[in-house]
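Hello,

I am handing over a structure for you to look at. Please open it first, then read the notes below.

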Amino acid sequence: KLRKGYIIMFKTKRGVKRAVSLLLTFCMVFSLITVNGSTVSAKETSCELTEGDYNYIELSDGTVEITKYISTADNLEMGETYELIIPSTLGGKNVTSIGKNAFSSCRSFSSVIIPDTVTNLSDSAFIHCHEMEVVHLPANLVTIGDSAFWDCAFTNLSIPATVESIGDKAFSAIDELTNITVAAGNTHYCTVNNVLFRMEDGVKTELVQFPIGGTSEEYAIPSGIKKICGGAFMSSGYLESVTIPEGVTYIGDNAFRECSRIETISIPSTVTAMGYIDYPGTFNQWTFHSCDQLTAFYVSENNQYFSSTANGILFDKNKTSILLYPCKINNTSYTIPDTVTCIGEYAFAENDSLVTVTIPNVVQNIGKGAFQFCYSLASIVIPNGVKTLGYDMFYACSSLTSATIPSSVTEISDSAFEA
C-alpha cells in the first residue's frame, strides 16, 4: 500500500535508478514514465479545487476544467430560476472544459452562458437540466460530448463555426427544440430545414439531430446519408412517418426511441447494424424502444443481416433470433417460428395485447426484459434447454398466472417475475 510521502525506486536493465516521489493526499497524480526507452502513458489529473460555486481541476496545458457545479441555488423555491454565467477563469486560469456531469440535473437556471474560453463540453455535461430554456454556446467550442444536453428545454440551438465533433444524443429528448442553425464557415456541420447534419468534404453523410419540437408529421431522410446518429429522432411526438433511403448503413442507439406516433418502419437493404455498435448484424431494441404505435417493420428482401415477416415482426436474416415484436400489434396470441433459437432482449416488451406466446422447444436463450410490461400475458411455457431467466424477463406482467419452468433452468433473476 502506498502512503503519503513514499519514494518508489525503478531500476532499469542498465542499472539506472529512477526515483518518483508520490504524494498521495486527496488526489492522485500520474505522468508519462519512460522505462528502457518505452513511454508508458497514464491518466493525468490534479487535485480538485474549489472557487465560489465550482469545483475544478487543472489540466496539463495549464487551463482548468469545471468538474462540478456546487451552488446551493438549487434550493430555490419551486419554479424560481436564474441566468447562470459560467466564469471564464478559476484560480486565475482559463476555463477551457466543462467536465462529465458537471451540471447534471441542475434545475435552478433557465439560461446558461458558457464563456468563449471553453473549447470542450464533456459527455452529459448538462444532462437533465430540465429548466434550461436558453443556452449560449461559446464562440471557440470544438467538441460537444455524448448526451451533453440530453433532456434540456431550449427551443433554439446555434452551433458555432468552430465545432468539429458532436457526440451521440448530444441534443436528444429536448421536446421544445425547433430551430437549429450552424454558423457560417463551419466545415463539419450544416442544417437543412432545422435538421442537423454532419458533413465530410462538404457532403452530408450523417443525420445528427431532428428538431423534435417541430410539428412535422412526415420526414424523408435525404439521399447520401450513411448514418442516423444515436437519439436523432428520439421523443418526437409528431412524426408519423420517416423514410429511410437506400445507402443508410447504420441506425444508432435510441434513434427512434419514444417516437410515440410512428406506425411503420421500413429498413432498406443497405442497413447493417442498429443499436449501440456499428458492427454488421448487431441490434439493440432501445433503437425503437417505446414506439407506442408501432405496428410493423418492413425489411428489404435484399438486406443481408435483417428480415421481417408478413405481419411486421423483426428478425435476423436467417430468422434464428426474434429481435422485436412491435408493441402495437393487437393479436392476442403468437407462435414463435421453430427456426428461432434466441429471443432477443426486450423483444416483446410493452405489447399489452398478447395473452399467450408459444415458444418452440429449440429456443435456448431468452434475453433480459423479453416480456417486460406485457400486461395481458396470462401464461408461458419455458422450453427445456433454457438455463437462465434473466433481469426483468416478465417484469410487470400483472396478468401472468401460470409459468412452466423446466429443470434446465438453473438461475432466476430476483426481478424476473417482479410485479
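This is a predicted model: local features need pLDDT of at least 70, side-chain atom pairs count only at pLDDT 80 or more; totals for chains, interfaces and linings use all residues.

Glu 58 forms a salt bridge with Lys 93. Their closest N and O atoms are 4.0 Å apart. Glu 58 belongs to strand β6 (residues 54-58) and Lys 93 to strand β10 (residues 93-98), so this pair ties together parts that are 35 residues apart in sequence. Is Glu 58 buried or partly exposed? Glu 58 is partly exposed, because its relative accessible area is 35%. Lys 93 has 30% relative accessibility, so Lys 93 counts as partly exposed too.

Glu 258 pairs with Arg 257 in another salt bridge. Here the closest N and O atoms are 3.3 Å apart. Glu 258 has a relative accessible area of 31%, so Glu 258 is partly exposed. Arg 257 is at 17% relative accessibility and therefore counts as buried. The cut-off for buried is under 20%.

**The six-stranded sheet**

Next, look at the open sheet of 6 strands. What is the order of its strands? The order is β18-β19-β20-β22-β24-β26. The pairing is mixed. β18 (189-192) and β26 are the edge strands, and each pairs on one side only.

β18 and strand β19 (residues 195-200) run antiparallel, joined by 4 bridges. Tyr 189 has Arg 198 in β19 as its bridge partner. β18 and β19 make a hairpin with 2 residues between the strands. Asn 193 in this hairpin takes a positive phi near 55°.

Move on to β20. Strand β20 (residues 203-209) is joined to β19 by 5 bridges, and the two run antiparallel. Glu 200 has Val 203 in β20 as its bridge partner. β19 and β20 also form a hairpin, again with 2 residues between them. Which residue in this turn has a positive phi? Asp 201 does, at about 55°.

β24 and β26 pair in the parallel sense, over 3 bridges. Ile 251 has Met 274 in β26 as its bridge partner.

**Lys 227**

Lys 227 lies in strand β22 (residues 227-228), one of the strands of the sheet. At 22% relative accessibility, Lys 227 counts as partly exposed, because the buried class ends under 20%. The C-alpha atoms of Lys 227 and Ile 251 are separated by 6.0 Å. Along the chain these two residues are 24 residues apart.

What does Lys 227 touch, leaving aside its neighbours within four places in sequence? Lys 227 is in contact with Asp 168, Thr 205, Glu 206, Leu 207 and Tyr 250.

Rolling a probe the size of a water molecule over the atoms shows where empty space is left. A search of the whole structure finds 1 cavity of 30 Å³ or more. The largest cavity has a volume of about 70 Å³.

Which residues line the largest cavity? They are Gln 285, Phe 288, His 289, Ser 290, Cys 291, Leu 294, Leu 324, Tyr 325, Pro 326, Cys 327, Ala 349 and Glu 350. By class, the lining has 8 nonpolar, 3 polar and 1 charged residues.

Take a closer look at Gln 285, one of the lining residues. Gln 285 is placed in the loop between β26 (273-275) and β27 (296-299). Is Gln 285 buried or exposed? Gln 285 counts as buried, because its relative accessibility is 6%. Leaving aside neighbours within four places in sequence, Gln 285 is in contact with Leu 324, Glu 345 and Tyr 346. Among these contacts, Leu 324 also lines the largest cavity.

Best wishes

Note on methods: Residues are numbered from 1 along each chain as its sequence is written. Side-chain values use heavy atoms; hydrogens and water are left out. Buried means under 20% relative accessible area, exposed over 50%, partly exposed in between (1.4 Å probe, protein chains only). Contact means heavy atoms within 4.5 Å. On a 1 Å grid over the protein atoms alone, a cavity is a set of points where a 1.4 Å probe fits but cannot get out, and a pocket is an open set with protein on both sides within 12 Å along at least five of seven lines; lining residues have an atom within 4 Å of a point. Grid points are joined across faces, edges and corners, and a volume is the space filled by probe spheres set on the points. Ala, Val, Leu, Ile, Met, Phe, Trp, Tyr, Cys and Pro count as nonpolar, Asp, Glu, Lys and Arg as charged, and the others, Gly among them, as polar. A salt bridge is a side-chain nitrogen of Lys or Arg within 4 Å of a carboxyl oxygen of Asp or Glu. Two strands pair if DSSP finds at least two bridges between them.
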